[in-house]
Each structure stands twice: as C-alpha cells, then as structure tokens.
Amino acid sequence: MTESLALAGKLENMVTRKNPLFDTATTLGKILGFLGVSAICGVLVAGLLVPAAAVSGSAASGSIQFFDTLPAELQVDPPSQNTTILAKDGTPIASIYAENRTKVPLDQMSPFIKDAVIAIEDSRFYEHGGIDTTGIMRALVSTARGNKQGASTITQQYVNNVINESLVAADREEDVKLNGGGKGVGDKLREMKLAIALEKKFSKEQILEGYLNIVFFNRDAYGIEAASKFFFSTTAKNLTLPQAALLAGLVNSPSAFDPIANPDNAKVRRDLVLAAMVNQGKITQAQYDEAVATPVTTQVTPARQGCAYATMAPYFCDYVLHLLFNNPAYGDTTEERIKRVQRGGLTIQTTLDPTAQNVAQQQVDATAGANPDKWGASIVSVQPGTGQIVSMAQNTVWLPQEGKFDQTQNFNVDVLDANGNDLNGIGGFQPGSTMKPFTFAEWLNEGKSMNQNVNAAVRRYPQNFPWKNTCPTPTNGWYDASNGTIDLQNSDDGYYRNMTVLYGLKNSINTATFASAAQVDLCGIQGIVDATGIHGGLPSRDETGKITDPNPKVPMTTLANLIGSTQTAPLTMAASFATFAADGKYCEPIAITSVKDQSGAQLPAQSSSCKDAVKPEVARGVAYAMGKVLDEGSGSLIRPALNSKNFPVAAKTGTNDTNGSTWVVGYTSGLATASWFGDPLADQSRYGRNLTVNGQFYKAIDGYMIAGPQFTNYMLAVAPAYGTNPFQQPPSNLLGTAPAPQRNNTPSTAPNPAPSSGNGNSGNGNNGNGNKN
C-alpha cells in the first residue's frame, strides 16, 4: 500500500482540478497570498470550523459580518435531466438530453459510493459547516511552499456545479468556471459564502445527494446513475466497492482517470480512494485487499440520445419532439422549447402501440427495406373515434448503414412536423384517387343515390362550364383539349360510358368522378374535405417567405384536386378516412397523452379533439362503397387475403399521373391505415414505371400492387386487436336501385352552357393517364 500511495502522490501533483486561493507565480506573491488569505481564515476560524448549526450562534455572529456583504443567493434548481419518450404501454422509445443524467435518491445509491466520495473528496464532510478551514490552512501552507493543493469541500463543489449548471442553462457557457482554473479570490469567497448558506438550508444528506446527481464523470455521463450505466452497465444502487472507488476517483479529473483511455491512471486513483476509505474506517482491511486486487475493467453501455437511437419508431419519436418544439406552452421561442425538452427531465407518454409498430416496420422493410433506387414505403394508422396514432413506420434508417436507404425526413407527416424544414422536406405526396371518396360523400350528402347514373363518357369540360360553387372561391381548372390541356382520361378505354356513381367509385373511374362533381356543389365537397382534416403538407408563404398558413386548404375548386393533385401527408389521409369509420366523427390525430416534469407535475399534452364532420348516413354510405372497392373493384386483388380473417374492411386505392405515388387508404371499425409506396426524393419527379422492386418487374405500379399487399398484411395482423365490427348499412334512399348498364353511346364533351363566374385555369394535376387504381 505504501508504494501505491507514493505513486498516487506523484500522480496527484501531475493532475489536479483544484485551485489555490491565489495564483502564486512569484515568491512575493506566495507570501502575500499566504498572509492575505490567512487573514481571511482568521475571520473564519471562530465560526466556520464547527457545523452550520453553530454558525448562527452569538459567538460567531461578529466573525461572519465580513461575509454578510457577499451575495448569498443560490437558486438550487434541479440540474438538467434526461427526457424520456414512452410508448403507450410504458416501453421506452428514446432518451433526449443536453446532459446525460438520471436523478436517483440517496437511498438508491450504493453505500460504497457515498463513503468513497466523502473519503477522497471531503473526509470532514459531516464536521464542517460548508467550508473546511483546516483544509484551507493546509492548502495555503502547501501553496506557499510552491505545491498547489485544493481545499474545496463537497458543499463548495456542489455550489460550483450548481452555478455552472445555471450558467449553461442560461446559454452562458463562456462564464463557466471550472474548479481547475479561472477563479479569482472573489469567486472563491462567494463560493464559500454560498456553501455556508447552503448548509443552513439543506441537510448533509440532501447536499450529498445533490452533489452525486450533478457532478460530471466524463464520457457524457453526468451524475452517478449515468456514470454507473455507462462504465459498468449497472445502477448506482448496485455498484461494487471497486467500481464505486473508481467512480469516486474520476471526479478529481475525469479525463486523466478515465478507465477506458487511461486504465493505469484509473487504477492508481482507485487504489488511493480505497486507501483513504480503509484509513478512515469505512471499509475493512480485508475489503481493501480484495478490492485493490481487482483489475480495472469496464462494461460500457454507450449513451444513445435522440430519436436517431430510438429503440423503435424513430420518425414517430421525431414527430413527437416537433409537436413539443412547435407548442408555445413549452416556451416563447423554439430555442426555449428545445431547451425545456432537452434539459427538463420530462416523461412523455405517447399513443404508440409497440406491437402494431413492430408489424408496420416489418411490412415496410419487407416491401422496400434495402433498395438502391431509393423507393419509399410507409404505413401510418390511427384509431377512429380518438385520433390516437397507433403506428408510424417507413422503410428507411435514420443513420447511414451499408445497403440501407437512409433518410431523416418523415414520409408520414406534414413538413413542419418533420426533421428539417419545408424548403427541403417532403410534406406528403399526391394522393391520387384516394381523394375520390370525398366527391362521392358530397353526392350522398345532397341526398343522391349511389346507384344513379352519370355520364362518364365526358372527357372535356369547357372553360365556361357551369360548375356549381356556392363558395366565394372561383373555380380554377378545367379539362378542354381546345385550350391546350389533355383530355380527362381513364386507365382503360372501356369506361367512357354511362355508369352508376357507385360503379365509378369502386372501379376508380376519373370521368365518373368529374361527372359526379358536375352535379353537386363544389363548395360542399370542399366542406367535407375541410371537415375531415384534409390539408396540404406544405405551408403557404407570402412573397417574403413568411409562413401565412401552416395547414393550407386543398382547394377543390382546383379541379385537379378532385383526383388528388396536392401533396398530402399519409397521416392526414389516415385520420380523414377514420372519420368514415367513426360514423362521421373526425378526430385530430394525437401522439402525446401525458407530459410530466421531473417533479411529477403535469404539463400540457394532447387530448382527443373530435367533431361531427360528416352525416352518419353519409359515412355509412362511403363505407359501403369502399367495401365494394375491395370486394369487386380496383382493390379486389388485395381482398382475398383479407377474407382469411373475414372481417369488414373499407379502402380506396390511389395512383398519381406518373405512377410515382401509390396508395391504399382504408379502415376497419377500429383502425384506419394509410399505406404508401413511391418516390420520396426531394422533387418527387420519378415515374413509377419500368422498375424492379424486390426482384419483381413492374411496367407501371398502381396502388393495389405494392401498397396494397403492405396494407393487407398489416391490417390482418393488427386490426383484430382494435375491433372489426360490421359497418352499419346506409339508408335505402342512398343505396337506390342499380339501373341496367348502358352502352357507350354518349358524347365525350360536356354541354357548353352559359359562361360561369369562375376564372378557371388549366388543370395542373391528374389529367394525364388517369390511373384508376
């Protein structure tokens, strides 16, 4: 042990974190420093050698008048702590922090760590009142002789850490003064005064607990719990004697005594701590002998903070953070909100179902997990009647990995709710024919029968066609080859004829949707679209670039939007379709059910916000029709698999003009899901044609081909847990009686009546190949 102590002494002279009260560079400076501080110590001796309780006595009152002129303020706020994001069942999703710290009470710490820290840092901790004058005198003498030696007590160190923590929290890192340098006499005097005040206010146990929870141990580990987990993959409560001694030794110089980078130094320092413990009677000689014979080993658990290292659903995690970062309740500025989350020790309970999320992730990975052409796949689902987000997955990884498609942009949400900004983000995709049910819903809303015929042979709507529009918004867009636009098209030539509105929807006929829209109020379609939460995924901006509307309307008077021209997020589509599953009740999607701060106090979260958006009979009619989509129409090729569970499902397929965005959006009574496959790259300009996915060649992809099986497999596994009750039947007046089919003998151009009040421009969306699926 003598040899070990000698080596330790040399090492202590090489590496120290403590300052003398004066920087004594010269002999004169040493003498002046010694005399000056000795005078201060003379003032202190009378009242400060004894515990804090005695400091207030009459004998000491005169001695501390000098210190009464120094500031005694010290706001001991809780130090920065980790924020935890939890799934619905309490499973941890991610940890978010500026400093990796988890607070634990003193009784949840190993007795070894408490004894070790006191033995090496402040052996008279329970005897002094905040400052140790014996230690100060010893340090002064040593300093006067040219050897630097510190004298800060644990209480003083705690004060120093609290001050620095406050400075960091206030974005004043440049003012932080470490124990190892930068402090003047005034700083030390203020530190002493605050230490005395602290000991009057808090018990020794409270101070020791605060110190062990705030002190830095290196390797991004703040506090004893984080250090225990990082270096030894254990808890503060279960630290062994050698482990506790090593961590106690780290406090002096976290870099020099790092057991990973400098294991030899770490062992010397650890053994010095053990020697102090046995000398002070905190451990036996046998315990000491066994501990010093133990090799220095670590079992590292790296600290992984942020959504990139989430245990599941990293993009959902990021979405949750953006909900808080965009919430004024968490601060006046984005920077304040971020700090509140990163340093506030929040516990965020979310709606995510780990079981459903696991299935969703498996499905998108199976669809297009590793593809060099970077085609995207995503699934997001919500619960009808509550709006709770059940799962959110996509086929990319956050951090680059060999052979993986890496992407930090969230495919499923509006661009302002995703990592990045709207200048380089995604903000959804063209929904294609998944927008057709809204025209169908307005048809039913006006009391029309879904089995009424419309003329789906019409492919041109002249500029002055009298669209009915009771809203002030002018009609914007038409299809008329004479004005340079492309004729409205279907995917197959056989569908330019009279047909029922129901037949047109279930087979996704573009001309039938337009023929239906020509007989209803466009303002009514707009009302249903708005009421069910449909909006653009990119914000509106003025000429200066300022955001004027973060959730802009999808204008249905821009006729291309009847068949899905505006980029819309999958989450938006899933929540909108959930309206029909909930008998016409729309619920805004929510992800956060509870937020608590580190004291357990509740902070603003989200709660279900629902409203009656569609008449129940209309919602039932839409469900009936979209059931036919799967039974008989454009989604019939994905229905057989669903039949294996024999539960009711309603859905709509969708594909945009370029085949670069394909969808199935549908629902059971208890779960609504948007399944998407397509081009997620910045400009979304690639054609989904002549491509190979998972070894299969596609001349042109449609909604049922890839997004369809993805939807089916997910719903088969997840939907039964959320309820698969039969949909209620629509009233008979909306069903009507299907007329006999008519032959294709009707004109291809709509009548050219008197000019309308609209100022239509050419269609800017799905007026090309008109895919029906």
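At what angle do H15 and H16 pack, and how far apart are their axes?

## Packing of H15 and H16

In this predicted model, H15 and H16 pack at an angle of about 125°, and their axes lie 9 Å apart. Angles over 145 degrees count as roughly antiparallel and those from 65 to 115 as roughly perpendicular, so H15 and H16 are oblique to each other. On the H15 side the contact is made by Leu321, Leu324 and Phe325, while H16 contributes Thr334, Arg337, Ile338 and Val341. By class, the residues of this contact of H15 with H16 comprise five that are nonpolar, one that is polar and one that is charged.

## Surroundings of H16

Helix H16 spans residues 334-343, and Arg337, Val341 and Arg343 are buried within it. After H16 comes Gly345, which has a positive phi, near 60°.

## Nonpolar cores

The largest nonpolar core contains 95 residues, and those with the most contacts inside it are Ile93, Phe316, Ile389, Phe514, Phe580, Val622 and Tyr667. When neighbours within four places in sequence are set aside, Val622 is in contact with Pro437, Phe440, Ala441 and Leu444, and also with Phe580 and Tyr667.

Conventions
Residues are numbered from 1 along each chain as its sequence is written. This is a predicted model: local features need pLDDT of at least 70, side-chain atom pairs count only at pLDDT 80 or more; totals for chains, interfaces and linings use all residues. Side-chain values use heavy atoms; hydrogens and water are left out. A nonpolar core is a set of buried Ala, Val, Leu, Ile, Met, Phe, Trp, Tyr and Cys residues joined through side-chain atoms within 4.5 Å. Buried means under 20% relative accessible area, exposed over 50%, partly exposed in between (1.4 Å probe, protein chains only). Contact means heavy atoms within 4.5 Å. Helices (H or I, at least four residues) and strands (E, at least two) are DSSP runs, numbered from the N terminus. Axes are lines fitted to C-alpha atoms, for helices over the stretch in contact, and angles run from 0 to 180 degrees between N-to-C directions. Angles under 35 degrees count as roughly parallel, over 145 as roughly antiparallel, 65 to 115 as roughly perpendicular and the rest as oblique. Ala, Val, Leu, Ile, Met, Phe, Trp, Tyr, Cys and Pro count as nonpolar, Asp, Glu, Lys and Arg as charged, and the others, Gly among them, as polar.
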